[in-house]
Amino acid sequence: MDPNMSASCVNISVEGMTCSSCVWTIEQQIGKLNGVHHIQVSLEEKNATIIYDPKLQTPETLQEAIDDMGFDAILRNPHPIP
Amino acid sequence: QQLERSEPAGASPPPPTVPSVMPKHEFSVDMTCEGCSNAVTRVLNKLGGVQFDIDLPNKKVCIDSEHSVDALLETLKKTGKTVTYVGPK
């Protein structure tokens, strides 16, 4: 892996999604944030897995961004990529 | 003898402003499910000072508020949905 590129992974519980349209909207909105490398939202597991640059985003800012969209976002313990 | 009454001729008083009547605005929001409308409900409640009705089948949100149309638009756009201002109601 490129040593200059820093990436962390966080898993955020998201409540209030009911269809794939909600999932798509979150992926679009959060995916275009600065420092977000990748986002995967699961409707079944009600969570979002986000790979991000810790220099530009924190788990808190990401959780806030989802919360701002009108979904209940609960931060779980951030776990860095092994 | 006639009673003297000072009545301004022709000048009608300005209509009284009733503060309880708030402007109504209608927005079209591209909502597809309960989750979408719940998201709209949440962002509007966060803004505060609004009364609103959500018509999910017609994708319409009718808001009663002192906030400007721009402020309401910005708030609705936070949900990531396509939002257009229909007009006052």
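A residue counts as buried when its relative accessible area is under 20%. Keep that cut-off in mind for the first stop. The model on screen is predicted.

**Stop 1: a residue in chain A**

Select A:Ile26. This residue sits in helix H1 of chain A, residues 20–31. Its relative accessibility is 0%, so A:Ile26 counts as buried.

Now show what surrounds it. Beyond its neighbours within four places in sequence, A:Ile26 touches A:Val14, A:Met17, A:Gly31, A:Ile39, A:Val41, A:Met69 and A:Phe71. Pick A:Ile39 from that set. A:Ile39 and A:Ile26 lie 13 residues apart in sequence, with 9.0 Å between their C-alpha atoms.

**Stop 2: the sheet in chain B**

Move to chain B and display its strands. Four of them make an open, antiparallel sheet in the order E2-E3-E1-E4. Which strands stand at the edges? Select E2 (50–55) and E4 (83–88) of chain B. Each has a single partner strand, so one side of each lacks a neighbour in the sheet. From one strand to the next, the twist averages 25°.

Zoom in on E1(B), residues 24–29. This strand runs antiparallel to E4(B), and 5 bridges join the two. For one bridge pair, select B:Ser28 and its partner in E4(B), B:Thr84.

**Stop 3: the helices on the sheet**

Finish with helix H1 of chain B, residues 34–47. H1(B) lies across E1, E2 and E3 (60–65) of chain B. Against E2(B), H1(B) runs at about 170°.

How values were computed
Residues are numbered from 1 along each chain as its sequence is written. Chains are lettered from A and ligands numbered from 1 in the order in which they are written. This is a predicted model: local features need pLDDT of at least 70, side-chain atom pairs count only at pLDDT 80 or more; totals for chains, interfaces and linings use all residues. Side-chain values use heavy atoms; hydrogens and water are left out. Two strands pair if DSSP finds at least two bridges between them. Helices (H or I, at least four residues) and strands (E, at least two) are DSSP runs, numbered from the N terminus. Axes are lines fitted to C-alpha atoms, for helices over the stretch in contact, and angles run from 0 to 180 degrees between N-to-C directions. Contact means heavy atoms within 4.5 Å. Buried means under 20% relative accessible area, exposed over 50%, partly exposed in between (1.4 Å probe, protein chains only).
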